Amino acid sequence: MRLYSATHVLNNKPVVIKEYLLPDTDFNPKEARERKEQFELVSSINLKSGGGQDFRLVTAWDAIASLNEKRCYFITEPIANSITLRQYLEKVQRPMTSMQVREVMGQVLQTLWFLHN
């Protein structure tokens, strides 16, 4: 995945573009086509109210799957003060405590529970 920062030209709002690659070494043509079809459905998800207690789903502005290339693009608003787990671990340069791991895993499990329900 590649991550880009950009500005929406119509309203000058910041956007984040995530580019996902579907390399031939990992996906045959049929699998790549199926992934692209599913990927484009992401932007049309209709969320129900309620859900998990600490819901963290990022709403897509658009999801684009190129027909001619092995790439998909996810476009969304940036999340203020957010970093990935990898960025956090590189920043603090020390192992997480067992309580920190428990908290992160709890958030991951809440998100998975919400998505599967």
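Two strands pair if DSSP finds at least two bridges between them. That rule sets up the first stop in this predicted model.

Start with strand β1, residues 2-7. Six bridges join β1 to β2. The two strands run antiparallel. Leu 3 stands opposite Lys 18 in β2. Between the strands of this hairpin lie six residues. Look there for Asn 12, which takes a positive phi near 60 degrees.

Now follow β2 to Tyr 20. Strand β2 covers residues 14-21, while helix α1 covers residues 29-41. A search of the whole structure finds one aromatic pair. The ring centres of Tyr 20 and Phe 39 are 5.8 Å apart. Their planes meet at 65 degrees, and planes over 60 degrees apart count as edge-to-face, so this pair is edge-to-face. Tyr 20 lies in β2 and Phe 39 in α1, so the pair ties together parts that are 19 residues apart in sequence.

The two partners sit in unlike surroundings. Tyr 20 has a relative accessible area of 29%, so Tyr 20 is partly exposed. Phe 39 has a relative accessible area of 14%. Buried means under 20%, so Phe 39 is buried.

Phe 39 leads on to the largest nonpolar core, where Phe 39 is one of nine residues. The largest share, three residues, comes from β3.

Notes
Residues are numbered from 1 along each chain as its sequence is written. This is a predicted model: local features need pLDDT of at least 70, side-chain atom pairs count only at pLDDT 80 or more; totals for chains, interfaces and linings use all residues. Side-chain values use heavy atoms; hydrogens and water are left out. Rings of Phe, Tyr and Trp (its six-membered ring) pair if their centres lie within 6.5 Å; planes under 30 degrees apart count as stacked, over 60 as edge-to-face and the rest as tilted. Helices (H or I, at least four residues) and strands (E, at least two) are DSSP runs, numbered from the N terminus. Buried means under 20% relative accessible area, exposed over 50%, partly exposed in between (1.4 Å probe, protein chains only). A nonpolar core is a set of buried Ala, Val, Leu, Ile, Met, Phe, Trp, Tyr and Cys residues joined through side-chain atoms within 4.5 Å.
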